[in-house]
Amino acid sequence: MIASFAFVIGVVAVATAEDWPEFRGPTGQGLVPGGPWPTVWSATNAVVWKQPIEGKGWSSPIVYKGRLYLTTAVSIGGDPIDHSLRAVALDAQTGQLLWTTEVFRQAGKTAAKIHSKNGHASPTPICDGTRLYLHFGHQGTAALDLNGKILWQLTDLKYIPVYGNGGSPALVADMLVFSCDGEDQQFLIALDKATGTTRWRMDRKCDLENKQAFSTPLLIEVAGQQQIISPAAGAIIAYEPVTGREVWRVRAPPDGYSNVPRPLSGHGLVFVSDSADKPRLLAIRPDGRGDVTDTHVAWTDTSALGLTASPVLVGEELYVISDRGVGTCLDAKTGKIHWRQRIGGDYSASLLHAAGHIYFQNEDGVAAVVKASKKFELVSKNDLGEAVLASYAAADGAFFIRGERHLFRIGSR
């Protein structure tokens with residue numbers, strides 16, 4: 001029997017249909033309510049505004065009460081180059097810059113090496129309605145009010161990152177939860193969101209040669225009990241939110257590291273990617289206890305899956321994209337493949353569903369819009385004219401897309 005099971009929205013008390021308060025939106029799963037939503041655009045067509053963003057970063061924008069928030073890393077001269085790690089707020093209707101706050105200063109002499117596709121501002125902010133929470137990985141974590149005033153800063157969670165920082169924080173009740181899986185240390189931590197003090201920290205030491213992981217946690221509910229799902233190098237692990245106690249785990253193969261996609265949930269299953277060298281997707285029943293590797297994995301798929309982009313679940317269909325541009329639609333309950341199609345390009349941005357369409361955004365700036373269906377049907381291809389690795393925000397009938405140089409509002413005014 002399938003246990004009672006649902007995902008939990010960490011900021012449901014404050015988010016509305018016009019808000020997109022965290023990575024992958026109010027559900028954390030890339031699902032856009034309502035409609036209609038844009039399906040055709042270009043670098044000039046259907047662009048309500050585009051605003052240059054100083055510096056670089058691949059954090060996704062978020063939207064709350066008509067304001068956009070994102071992070072950026074601005075080079076501050078010198079050799080090696082220092083970076084000003086900043087929060088930025090814009091008016092969602094006009095694109096007007098409202099404020100910029102430097103949260104941390106990263107010294108070039110001590111900065112860790114990053115992947116060529118990464119940056120120094122990759123984790124996406126999250127908003128609880130009164131505060132904005134920012135995470136720059138090993139560089140620090142902070143809370144700001146919505147006018148840009150720093151309320152607290154934390155810089156003592158030191159670990160050696162591999163390829164830079166990636167995973168975004170999640171809100172769980174009155175805690176901010178994120179993973180720190182580096183070369184020397186691997187742990188999941190929960191901070192008091194009011195003060196930044198540690199509520200709990202769970203070490204998850206990895207015996208693999210490669211120990212890094214970059215996934216964003218997802219809060220779910222199973223039979224009336226909440227769980228935090230957080231993929232790590234070496235295992236997919238569920239935690240009890242109040243104490244951080246481990247509930248269950250599924251062991252990963254020897255190449256089970258560098259996890260990036262955020263987990264999904266539905267149909268009594270959790271869907272998680274856990275492998276770098278040969279990506280695989282697992283469907284796990286989350287009602288077990290202890291090591292459930294041999295008992296609770298419903299199905300596994302290792303064919304043409306992605307390492308980076310988070311999938312999206314729509315009804316009984318699960319949509320994924322490989323890093324090299326092969327899209328797949330699977331039956332979420334069984335893993336049966338409905339279609340597989342080369343869409344083109346390389347992919348980092350997570351998938352989005354809106355009004356019966358799946359949005360596949362490639363790194364060259366071209367978005368493929370495909371019908372959400374068991375049969376592949378391409379609706380449009382839309383070239384924004386600059387590189388895009390960040391995932392979309394959606395609010396007020398518009399998509400907010402962060403390119404390499406600009407933030408775009410696409411669609412509704």
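User: What is the volume of the largest pocket in this model?
Analyst: The model is a predicted one, and its pockets are described here from the protein atoms alone. For the largest pocket, the computed volume is about 940 Å³.

User: Which residues lie closest to the centre of the largest pocket, and how does its lining divide by class?
Analyst: The lining of the largest pocket is made up of 39 residues, and those closest to the centre are K117, V260, L307, T308 and S348. By class, this lining divides into 15 nonpolar, 21 polar and three charged residues.

User: Which residues lie nearest the centre of the second largest pocket?
Analyst: The second largest pocket holds about 260 Å³ of space, and its lining comprises four nonpolar, eight polar and three charged residues. Of the 15 residues that line this pocket, the ones nearest its centre are K56, G57, W58, N118 and G119.

User: How many disulfides does a search of the whole structure find?
Analyst: A disulfide requires a pair of cysteine sulfur atoms within 2.5 Å. The sulfur of C180 has its closest cysteine sulfur in C206, at 15 Å, which is too far for a bond. C206 is likewise in no disulfide, its nearest cysteine sulfur being that of C180. Across the whole structure, the number of disulfides found is zero.

User: Is C206 buried or exposed?
Analyst: A residue counts as buried when its relative accessible area is under 20%. With a relative accessible area of 3%, C206 is classed as buried.

Key
Residues are numbered from 1 along each chain as its sequence is written. This is a predicted model: local features need pLDDT of at least 70, side-chain atom pairs count only at pLDDT 80 or more; totals for chains, interfaces and linings use all residues. Side-chain values use heavy atoms; hydrogens and water are left out. Buried means under 20% relative accessible area, exposed over 50%, partly exposed in between (1.4 Å probe, protein chains only). On a 1 Å grid over the protein atoms alone, a cavity is a set of points where a 1.4 Å probe fits but cannot get out, and a pocket is an open set with protein on both sides within 12 Å along at least five of seven lines; lining residues have an atom within 4 Å of a point. Grid points are joined across faces, edges and corners, and a volume is the space filled by probe spheres set on the points. Ala, Val, Leu, Ile, Met, Phe, Trp, Tyr, Cys and Pro count as nonpolar, Asp, Glu, Lys and Arg as charged, and the others, Gly among them, as polar.
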